[in-house]
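Good morning, and thank you for the time. I would ask you to look at the sequence and the model together while I speak.

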Amino acid sequence: MRRKIKIAITDNEELFRKGIRTLLEREDDFKILFEANNNQELIEQINPSRLPDIILLDVKTPISNSVKTIKLIHEKHPSIKIIILSSNSNKFSILNTINNGAAAYLLKSTNFKTVVKTLKKVFRQGIYYDDMVSEIINEYISNSKKINQKVKLHESSLSEREHQI
């Protein structure tokens, strides 16, 4: 028998939180340890006897900023993986959470099979980016390279005196 993936769910929308819990509990590979209404409740519930492998975290939970929550959890419990499950498809939000340690980012509109697949991949591999997130990351990297090339080109056109200033 395989070890079940231990999951915590944080979302301020009770109907969504209970619904995803019910769906995940029907799967043999998952065990839901607890639910939290907000990030503060989440942090209070994490302890050595109830340490999740993965946290499903909504970006828009009240009380505490999700990026701060990701950082705090990783400081205290670096083995916990965090999957953002949000209705927010803003590129900045996606990049910000990924850059700050989220292992995956899923939209709430995704199908359940994708949620299951992502949970399993994050558990085994540490991270998983679907096509949407991969495209955003690739675009960000591409734009960063273009900016760096422009900076280098500009710097190479400066005189020695301009470099000193």
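First, the basis of the description. This is a predicted model, in which local features need pLDDT of at least 70 and side-chain atom pairs count only at pLDDT 80 or more, while totals for chains, interfaces and linings use all residues. Residues are numbered from 1 along each chain as its sequence is written, and side-chain values use heavy atoms, with hydrogens and water left out.

Let us begin with helix α5, residues 112-125. Helices here are DSSP runs of H or I with at least four residues, strands are runs of E with at least two, and both are numbered from the N terminus. The expected span of a helix is 1.5 Å times one less than its number of residues. For the 14 residues of α5 this gives 20 Å, and the end C-alpha atoms are 20 Å apart, which agrees.

Just after the helix, Gly126 adopts a positive phi of about 95 degrees.

Which residues of α5 are buried? They are Thr114, Val115, Val116, Thr118, Leu119 and Val122; buried means under 20% relative accessible area, exposed over 50%, and partly exposed in between, with a 1.4 Å probe and protein chains only. These buried residues pack against β1, α1, β2, β3, β4 and β5, where contact means heavy atoms within 4.5 Å.

I now turn to charge. Side chains of opposite charge can pair when their charged atoms come close. A salt bridge is counted when a side-chain nitrogen of Lys or Arg is within 4 Å of a carboxyl oxygen of Asp or Glu. The whole structure holds ten salt bridges.

Asp29 lies in the loop between α1 and β2 and Lys120 in helix α5, so the pair ties together parts that are 91 residues apart in sequence. Asp29 counts as buried at 17% relative accessibility, whereas Lys120 is partly exposed at 22%.

A second pair is Asp53 and Arg3, at 3.0 Å from N to O. Because Asp53 lies in the loop between α2 and β3 and Arg3 in the segment before β1, this bridge ties together parts that are 50 residues apart in sequence.

By contrast, Arg21 and Glu25 both lie in helix α1, four residues apart, about one turn. Their closest N and O atoms are 2.9 Å apart. Both belong to a network of salt bridges that also links Arg17, Lys18 and Glu35.
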